[in-house]
Amino acid sequence: MAGLKQFLDRFGGCGDAEAQWLQKLFVFVRDHVCPDSAPSVCGLSLELVRVLKENSPSGTLPLSYSLVSVSELLSQQRVPCVSCLTWSTNQHRAWMRDSELIAGLRPLPRVKLLLIGSLGRERGPDLSLKDATGEVACQSQVPLQSGSLDTPVFLPHWNYIPHNTPGLLELVAPPLLLCPAPPQQPLDSVTEGVGHLTVYQAAALLFRHQNSGRAPDGSGRGLCRGGRVSVSGLVSAVCPLLDISGTSFFIFCLTQNQTSVNVIVKDSLWWSRSMHVDMRVHVTQLRVCTLRSRRGVRVLSSTDQSQLCVQTEDQLESRVQSQDQSQLCVQTEDQSEGRVQSQDQSQPASKDTQPQNQPFDQSGLRRSTVINYKGTVTEVLSRGAGLYVIDSKVGLCLANQPLPTRRIRPGDVVQVSNVHVLRRPSPDHAPIMLCCCLRSGVTITAFSPGYRSDEEEEEPCPGDGVLPRILLQKEVDVAEYLWMCHVTERLRNSLSPQGQCLCLVSWSILQSLTTNRTSRRRDIYGEMMDTPHHCPVTTYGSASSLPHVLSLESLHAGLLARCWSSLSLRSLLPSDGQSMNCSQLNAALSWSQVSQRSQNPDPKLDPRPDQGERPLVVVGLLQLPSPESEALSLVLQDATMAVPCVVTEGRLHQGPGQGPGQGPDQDRREQTAFFSSAWIGCLVCVRHFTMVTERFIQSDFPSFNHLEQEHFISQKQARVYLQFSLDQVTVLSPSDSMAALQEAESEEPDVKKRKTDCSQGGGVTGCVSVVIRAEQKQGVAYRNVGAGSTLSFNLRAAVIGPVVSWGRDPKNRPITEREMTTTGEKTNMSLSFSGASSRWFPLLQDDCYYRLVAPGTQDPSVLIGCTVAGQTGVELHADSALQVLSDWRIHTVPRPLNEAPESCDLGSLSNVISSTSALVSFTALVSDRVGVSDRSKTSQTGARLTVCDDGGRSLHVYLDTGHAPFIPGLLPGNRLRFSRLQRKVSRAGSVYCCWLPVSSVCIVSTQSQSAAPPQFPMMLLGLWMQEGGVSVARVRGQLVCVLFLQLQWSCSLCERRFTTNCSGPQCTSSSAVFQAKAKVVLEDGSAEAHVFFYNALVQTVLRLDDSQWAGLQRAVKVKGHIQVTPRGRGLSVTGPDQLLLQLLLSLSAEVLFGSVTLTCRRQRSSRPGGNHDLRRVVRGDRDFMTRVTPPLQLTCDYLERS
């Protein structure tokens, strides 16, 4: 109490408020600052009062401020704050305005707290403020003198950031000493007895040590073991602090003109916070050491007696002038050696010294330049990856350095030295990137005056720091590293990590896209000390060729937007679209599709500019479709949405009687329908795929001229899905089934058996299973099951063995012996799938083996089907039935070794055409698709597919999808497998197929794996007459004569003759179309045929150009039509005038010359050979009756003149 009274007596004239405040100050100093030094409490308190008054804006005691201990600050301050004693009100307002210049940055709230304590150094370069209650880590933006340590100080201006556990104190202004600082020893006394060297002399010293092991010190004597030297120079580089095998150190470089020496510091690590580039320093008590990892290279190293002194220019000049004559002689003698040394240890090239005429090296990589840069951090892209944005336009990458101990926040002013400038290394980042290496220095020159609210909610990746480790350890270019960082950020928005490291996922994606990647051993000492400088950032590539990763929602939205914005209705019509009537026009517009390859996508799919034409990859989970899905196909799903997929798989096909690898002609890899269930639940990256958008338009356009009027479109919708093969898929994270399958494939047979036997158990948590072979899958459709209509289908399967109990789900493991019957007798079962269980439809394929698992039970009866009861003496042929529940699982299992593949009932298209069976199954390539719709409904009810085989034979398949979900993949270019279609024969003898409730279709291969559609077969007319199964073929012959020609303007609605208006009595249409029809005789030497040409092909036959054809249409419109029917050498003409007749007569001679190649379709009225017509022939006075084979009636689709 005596000390308190003595303290207060110094302020006898103060008021009560000031006395109470002073009393609290004294008690605080006694309890928190000097608890063990009572006599010094009074003096320290008086010094504190003096410092407070000198720094207060009013020059009085800051009564509005409160003293706070370190423990109170850590426990009570929950939000970032700032405290500055020297601020006036106007200064605070100006500071707040400046802090709001950065977008999204909120000024730190001001608190009136006073901090007192002692600054001490922890292990390493960091500081801490200590008092009697605790300590808090702190950093200073200004260099601190050694006299500021371990002595009571007052902090006039500081920021507190509680997010860095347990909090960080940022010293904005230098601390004020509360005790007199010890007198600084003069530089000469500090270095007394030690050789004083310049950088030239130090370089010569190291050079002679390198070659002879002895070198003179500054006074001309040899530097013996244990000798010390002092070096003065300009700091040209400050390398980051490294920790290798538990040893922390950093390296800095001193320069004089073009000569430099490197100094390794292990003891005084705080020097890394106190020095920066272009600072002149004098370092004492240095010794020469050897780097064993660098083959005996000698460098200077600090000792525990070393000191760092900052020099001004005047001090350096006086220091040089005071050197004695002997030192100058040594400098003169060793100048040549110093020059030699400077070739190896000169400073890194600056922006001005870097060669500008060699932007590329011999390998085609670009060369970076080295500069110094200072700017303000405006955005933190990824702290874990070390990516920032400076001044809103320049990127900063710190990945090649250890992560900073203090978080770099928006608003920090950073100064980077010896940083590499990379120009457009990645289109996903800023065009200018500053990339630090191990020689670069990063200094925070001013702390951020604000903070962002999202800093509190930031959740770092579980693998924070994984990407920088990959960059250090693997052969990863900086452009690839930036691409991985971008992909990681994209995946964080599109995937639900669930504890999985997305950094490793992006690394796996990069590995799947690039090959021949190996680990490398880096020479970190060489990167920091060698000259000329070389490091992994000296040369760099570009990530513009790496694919772009889009979320499924962005991809889906972009495809939908582009499918309608790029739609041109005229482009959907054939070349003779202007001649189509209303029904033909709207039928042609009803269905269309747009396909894009991921290697060459539309640049407008990515909303961000300057992305260029980059390939795309997608990442997601392969899943079964949901019961509410509009398409029963597999889906690729991420956190944004699920997109339907058409998936195929490549399998090795062996020739008959051949084993694996027995001849390249027998073994080939072919695409098959996807069937493996082990892929379900896998996180995959699809490298190559096709994006398909099917458009469905319900319209009522009167004619071709009304296509620009969108009000004629009553409804339009689009379906988006992806097509890819599993050969182009990389598994990023396997599912449980895939992991179990991979484990089973890698195990020995006896190990497999032991693990399978151990999985047996008798708990209620087990399961029962039965192995089946799918034999006949019914098509899925909406059927009346139970109370209402639901999706359902049936599967006829052969039961391979008995029902087996398991302790856990065996998943996709191979079939065990106890799962197979020993008698060889197999029973059939009919499995019914409805509702949620119908999602298994895309996985089940004929002649494949599956394990049906019922979880949560040990009762074998649940998998035994119910039989149909029959009367006595009646033989039943019905299979037992089993209803598959929604929670049951189906796993694909390998085919048993002793089971041969069943004989496939798939026939070729030729066999289907010549077959007499009512139900047929075959595989064919889709060459054309036409939508079929019911005018009473608002959507299409089916499609007509034109399919062909490799030989060019084709037929039509009519699909009725009105009672089935959307079937993706029915596109021209895809190869489909049809099962149990109804075969029919038209009246003209052509074969076509129709859809039945038991029919099904699956996609075998997509456009990306299929070759170009085969050409139609070349046929002779005589052979085509005898063979009625070919409906489309190519013929080569000569046009003989024109039998019929008709040019007519018709109403687009009722197709009656049209002049100024429609000739129909009740039709009020005002739109007309021009139609042309010609019947020409074609012969090829084996027979003749009557070929019909329509519309644009008539113009080609008559050899009229566009202007002549347009003039002919105008002339015909006067009367509405022209019809010419040759009869022998005469003509029967119906037309407006003889002028048009002369035009046709002048062109008719040219039509008969030259051979042509036609692609024709057989008409319905054309009957196959075997039918003859009786014809009367008159010769003189005699009549003859003879049987004449009628000519083929063909319709030309394409004409090519030789």
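Arg1057 sits in the loop that runs between strand 52 (1032–1051) and strand 53 (1072–1083). The model is predicted. Val1073 is 16 residues away from Arg1057 in sequence. In space, the C-alpha atoms of Arg1057 and Val1073 are 9.9 Å apart.

**The chain as a whole**

The protein chain contains 25 helices and 60 strands. Its length is 1202 residues, and 51% of them are buried. Take the contacts between residues at least 6 apart in sequence: 70% of these join residues at least 24 apart. The accessible surface amounts to about 56600 Å². Carbon and sulfur atoms account for 49% of that surface.

**Cavities**

Seven cavities of 30 Å³ or more occur in the structure. The largest cavity holds about 380 Å³ of space. Two elements each give two or more residues to its lining: strand 32 (642–653) and strand 51 (1000–1005). Strand 51 provides the largest share of that lining, with four residues.

In total, 25 residues line the largest cavity. Nearest its centre lie Leu632, Phe841, Pro842, Val1001 and Cys1002. The lining of the largest cavity splits by class as follows.

| Class of lining residue, largest cavity | Number of residues |
|---|---|
| Nonpolar | 19 residues |
| Polar | five residues |

**Confidence**

Average pLDDT over the protein chain is 80. A score of at least 70 is reached by 79% of the residues. Residues 189–193 stay under 50 in pLDDT. For that stretch, the model has eight contacts beyond four places in sequence. Residues 318–358 also have a pLDDT below 50. This second stretch makes 63 contacts in the model beyond near neighbours in sequence. Where pLDDT is low, predicted coordinates should not be read in detail. That caution covers the contacts listed for residues 189–193 and for residues 318–358, where pLDDT is under 50.

**In brief**

Which strand gives the largest share of the lining of the largest cavity? Strand 51 does, with four residues. Where is Arg1057 placed? Its place is the loop between strand 52 and strand 53.

Definitions and conventions
Residues numbered from 1 in each chain as written. Predicted model: local features only at pLDDT ≥ 70, side-chain atom pairs only at ≥ 80, totals over all residues. Heavy atoms only, no water. Buried < 20%, exposed > 50% of the residue type's maximum accessible area, 1.4 Å probe, protein only. Contact = heavy atoms within 4.5 Å. Areas by Shrake-Rupley, 256 points an atom, 1.4 Å probe, with all protein chains shown as cover. 1 Å grid on protein atoms, 1.4 Å probe; cavity = no way out; pocket = protein on both sides within 12 Å on 5 of 7 lines; lining within 4 Å. Points joined across faces, edges and corners; volume = space filled by probe spheres on them. Nonpolar A, V, L, I, M, F, W, Y, C, P; charged D, E, K, R; others polar. pLDDT = per-residue confidence, 0-100.
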